[in-house]
Amino acid sequence: MKPEDYSRVQQEIGGWAVTVETYKLGDVYHCTIANVDPGARVARADGKTREEAESRAIEKATRYLAQTRKFEV
Amino acid sequence: MANVLVNTDWVAQHGKDAGVRVVEVDVDTTSYDQGHVPGAAGWNWTTELCDTLVRDIVPAKKLEALLGASGIDNKTTIVLYGDNNNWFAAWAFWQLKVYGHDDVRIMDGGRKKWLAEGRDLSTDKPSFAAATYKAGAPDLSLRAFLPEVQQAVAGKKAALVDVRSPQEFSGEILSPPGLPETCQRGGHIPGAKSIPWGKNCNDDGTFKSADDLKALYGAQGITGDQPVIAYCRIGERSSLTWFAMKYLLGFKDVKNYDGSWTEWGNLVGAAVEKP
């Protein structure tokens, strides 16, 4: 099978630049959110629709990213 | 293109050839199960490409078992690919070179490019006829340990390249955003140059041209005229930079310091620099 409906967009979550990559494989949409720099995966989720997969992944990413502490330099 | 890189077309055409084994290695260890290049093996970096008791790279015997179970012998052409522009594919590449495997290549662009091109994916886990593999003695000219890094700092005998993000380099954050903090102090090893790993890659995940890479590193005084040690947080991002410097730029003396910031940033009394 082939991935369908592939998209990769950049947006901001909680003040952090992230990429949201989504595609459909079979009947399932897969969404992965990674920080833009350094590019590490923050969260992923699946869903029956693009919206479902992305909203679940964004909810997780928002929670994880909120835990990142910033220090004075 | 250096012969350690193959493109997605090549993998589509030759991935199932006799003597070729395609292997996916991801940061996200669930990605392989979602769908992978048909016929590809999947290796888990958290359990299969490390010593799970002592902090170390994969032991030789364990690597031999992994490769044998993947149907790989010493003459197999191994083609690695993975997510995040091949972070952990590069980690696997580096370890295979440490143990002396001759023909290892990386699929340029990795999983991202394969997906974006809408190429075939399979969820079938292939079975392979077991093979016999004999690992070579570790080539420690490719790997830096703490004492060598300390000597490099003290004697300025090697250039240090910090490939983490600028915010990790500066100490503003202690880990990539959204990931657990794994160090006690932020900042960087004194004297290190900041050249984030992502600058090696184009937007589609492929490596930049040798000319672009030469300009990137040259601008920071990293020319290959002196030994270079690359580091990040745990050694996988720096594997990618090590790969670029050694194989795409042809630097003779490049080492990956896999202890990286999770070692240095937790050392009692270690000097830390903040800009």
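1. The largest nonpolar core of this predicted model holds 95 residues. Those that touch the most other members are B:Leu80, B:Ala92, B:Phe93, B:Val228, B:Ile229 and B:Ala230. Helix H4 of chain B, residues 83-98, contributes ten residues to this core, the most of any element. Both domain 1 (5-136) and domain 2 (141-264) of chain B supply residues to the core, so the core lies between them. As a general point, nonpolar side chains in soluble globular proteins tend to be buried together.

2. B:Ile229 is one of the core residues that touch the most other members. Which residues does B:Ile229 touch, leaving aside those up to four places away in sequence? They are B:Ala144, B:Val149, B:Ala152, B:Ala158, B:Leu160, B:Lys255 and B:Tyr257.

3. Chain A has four strands and one helix.

4. The C-alpha trace of chain A spans about 50 × 20 × 15 Å along its principal axes. The chain has 73 residues, and 41% of them count as buried. Taking the contacts in chain A between residues at least 6 apart in sequence, 27% join residues at least 24 apart.

5. On confidence, chain B has an average pLDDT of 95, and 99% of its residues score at least 70. For the model, ipTM is 0.88 and pTM is 0.95.

Note on methods: Residues are numbered from 1 along each chain as its sequence is written. Chains are lettered from A and ligands numbered from 1 in the order in which they are written. This is a predicted model: local features need pLDDT of at least 70, side-chain atom pairs count only at pLDDT 80 or more; totals for chains, interfaces and linings use all residues. A nonpolar core is a set of buried Ala, Val, Leu, Ile, Met, Phe, Trp, Tyr and Cys residues joined through C-beta atoms within 7 Å. A residue is buried if 20 or more other C-beta atoms lie within 10 Å of its own, exposed if 12 or fewer, and partly exposed in between; C-beta atoms are placed from the backbone. Helices (H or I, at least four residues) and strands (E, at least two) are DSSP runs, numbered from the N terminus. Domain bounds come from an automatic or database domain assignment. Two residues are in contact if their C-beta atoms, placed from the backbone, lie within 7 Å. pLDDT is the predictor's confidence in each residue, from 0 to 100.
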